Amino acid sequence: MKKARISYNGSIHEANEWEGQLQLDDGRIVKQSEVVWLTPVEPRTVFALGLNYADHAAELAFDAPTEPLVFLKGPNTFIGHDAKTRRPSDVEYMHYECELAVVIGKTARHVKKEDAYQYIKGYSVANDYAIRDYLENYYRPNLRVKNRDGCTPFGPWLVDASEIENPMNLKLTTHVNDQLVQEGTTADMIFDIPTLIEYLSGFMTLSENDVILTGTPKGSVDTAVGDVIVTEIVGIGRLVNTIIGDEVFTNR
Amino acid sequence: MIKAKMKLLGSNHFESIEVDPKNNTFTIGDQSFHTNDVQLDTPINGTVYGTLLNYKGALEQLGNQVHEKPYASPPKAPILYIKPVNTFNRQGEGIPIPPDVKHLEIGASLGIVIGMKAGALNEETAVNYIAGYTIGNDISIPHESLFRPAVSYKARDGFCPIGPWIVEKNQIHDPDNLTIRVYINNELKQENSTINLIRKVSQLLVDVTEFMSLNPGDVLLTGIPENAPLAKIGDKVRIEIEGVGSLENVIVEEQSFIWRGAQ
C-alpha cells in the first residue's frame with residue numbers, strides 16, 4: 001500500500017493511493033493536485049549517507065569509504081512532495097541527490113544484518129540537496145550544506161516494506177526540466193541497507209520513524225531558479241520539487 | 001531566587017519554579033526541594049544542536065592544523081552537529097560508557113533554549129527569540145579528527161544529559177560572561193567562561209539562523225571549552241554554570257544502562 005500525509009481543506013489527513021487519486025482517512029476521494037503534500041512520516045532522527053555509491057565518490061574525487069559516512073539532519077530541512085526549495089542568490093553550485101529513504105518501524109538495538117529487514121516499515125524517496133559553495137572541512141558535510149530549511153524534499157509516498165521484493169535492486173533517476181541527468185541502481189550501494197541498520201543500531205538505538213537516506217549515485221549537476229527537479233525510484237515514487245530564488249523571501 | 005521551568009519525570013508539562021542555582025534547590029509554591037530529592041526529566045522536546053570549536057582556546061589548540069590537510073582553512077560559518085533524541089539524558093541518570101572505551105569526554109556547554117521560530121535573525125533582536133538557558137553535557141568518545149561527522153562518537157544513547165531546568169532568559173544578566181566549572185568526584189577539573197566564546201550568544205544565533213531556522217524548544221549548545229576533562233566508569237560528573245545551576249550524572253556500564261525512552 002502507498003500511504004501519504006497531506007493537508008486538504010484546512011486539516012491534515014492520512015491518505016492512500018486510490019486509482020491515481022487519493023482516498024483520505026475520512027473516506028473522501030480527492031485529486032492529487034488538490035492537496036498539499038506533507039512528508040510521508042514525521043521523521044524522528046534522520047541519518048544520511050555520504051559517498052555510498054562508488055561512482056558518486058569517484059565523481060567527487062574521493063576514495064570509497066571503508067566505514068559508512070553518516071551525518072544527521074534536523075526537522076527544519078524536510079518538505080513534502082511538489083514543494084519549492086530556495087536557492088540563495090549568491091551560490092554557484094547547488095545539486096540534487098536522488099536517494100532511497102528507509103523508514104524504521106520499531107525499536108532496533110544491536111540488530112544483525114540477517115534480521116535487519118524486519119525492522120523496516122517502508123520506503124520513500126528523498127532529494128538531499130547540497131550547496132557545495134558552503135562546504136567546509138569540519139564535520140563535512142557540514143550542516144550549512146546539508147541542513148538548510150526546505151532543502152530535503154521527502155515523499156510522496158510511504159510504500160509498505162512488504163510490497164518491495166528487493167530494495168537493493170531499484171532504479172533511481174533524476175530529471176531536470178524533463179531531461180535525464182542522473183541514473184543509477186540501489187544495487188550499487190557500497191553499504192547496503194542491512195549493513196547500515198547493523199552499523200547504526202550497533203552504537204545507538206533506532207526507533208519508529210527514524211529514517212535512513214541511503215546516498216546517491218553519480219550524476220550531480222547544478223540547478224537554476226525555475227528548474228523542476230524530479231527524483232524518482234521505480235516502484236517507490238516520483239518526487240517533484242521546484243527551485244525558487246531569494247526574491248520571494250522578504251528577509252533575504 | 002531565580003525563575004525557571006522544569007519537567008518532573010513522567011509529567012508531560014512544564015512546571016514554573018523558583019531555583020537557587022548555587023545550591024541546586026528549587027521551590028514549587030511554598031515547598032522546597034533539592035534536585036536529588038525528585039526525579040527531574042530532560043526539560044527539552046526539540047532538536048539539540050551542538051557547536052564545534054566555539055571557544056577561543058579550543059580553536060587555538062588546533063594551531064596551524066587549521067591551514068593544513070584535511071581542514072585547509074579555519075572554520076568560516078558555525079560548524080554544527082545534532083545530538084539526536086536517543087542521546088537525551090537527565091539530571092541524576094547514568095551516562096553509559098561502552099565496554100571497549102576507557103574514558104568519556106565531558107562537554108560542558110551553555111544551552112540556549114529557543115522560544116520562537118527563529119530564521120535569519122539580526123544582532124539587535126536575536127535575544128528576543130531566546131526562551132532561556134540550560135546546561136548541556138555534550139558527551140563524546142574522544143576522537144582526534146574533526147574532518148568527518150562524529151555520529152558514532154557523539155550520538156550514542158544517553159550521551160547528552162540536559163538540565164536540570166531551563167532558567168528564564170531575563171534571569172541571566174549577561175549570558176556571555178558566565179563561569180563554567182566541571183567537577184569530577186567533587187574535584188575541580190575544568191574552569192572556563194562564556195566570555196571566551198568566539199561567537200557570543202546573539203552572534204551565534206544570527207550566524208546559525210542565516211542558514212537554518214530554529215524552532216521553539218530547540219536547544220543550541222554554545223560550545224565546549226578547551227581541555228574537556230575525561231571521566232571513567234563510576235565517576236561522578238558535575239557541571240556548574242553560574243546563574244543556571246548544576247547538572248550531575250555518574251558514568252555507568254553501558255550494559256546496566258536502560259534507556260528509558262526506548263522502553
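Two strands are taken to pair if DSSP finds at least two bridges between them, and strands themselves (E, at least two residues), like helices (H or I, at least four residues), are DSSP runs numbered from the N terminus. The structure described here is a predicted model, in which local features need pLDDT of at least 70 and side-chain atom pairs count only at pLDDT 80 or more, while totals for chains, interfaces and linings use all residues. Residues are numbered from 1 along each chain as its sequence is written, and chains are lettered from A, with ligands numbered from 1, in the order in which they are written.

In chain A, five strands form an open sheet with mixed pairing, in the order β9-β19-β18-β15-β16. Its edge strands, each of which pairs on one side only, are β9 (83-86) and β16 (179-185) of chain A. From one strand to the next the twist averages 25°, where axes are lines fitted to C-alpha atoms (for helices over the stretch in contact) and angles run from 0 to 180 degrees between N-to-C directions. Within this sheet, strand β15 (residues 171-176) of chain A runs antiparallel to β16(A), and six bridges join the two; H175(A) has L180(A), in β16(A), as its bridge partner.

Elsewhere in chain A, H13(A) lies in strand β2 (residues 11-18). A residue is buried if 20 or more other C-beta atoms lie within 10 Å of its own, exposed if 12 or fewer, and partly exposed in between, with C-beta atoms placed from the backbone; H13(A) counts as partly exposed because it has 19 C-beta neighbours inside 10 Å. When its neighbours within four places in sequence are left aside, H13(A) is in contact (C-beta atoms, placed from the backbone, within 7 Å) with I6(A), Y8(A), L24(A), D25(A) and D26(A).

In chain B, strand β11 (residues 130-137) is mostly covered, with seven of its eight residues buried. Strand β10 (residues 108-114) of chain B pairs with β11(B) in the antiparallel sense over seven bridges, and L110(B) stands opposite I135(B) in β11(B). The pairing of β11(B) with strand β12 (residues 160-168) of chain B is also antiparallel, over four bridges, and here Y133(B) stands opposite V167(B) in β12(B).

Between the chains, 28 residues of chain A are in contact with 33 residues of chain B. On the side of chain A that touches chain B, β7 (69-73) and α2 (143-146) of chain A each supply at least two residues, and the largest share, four residues, comes from β7(A).

Terms used:
Two residues are in contact if their C-beta atoms, placed from the backbone, lie within 7 Å.
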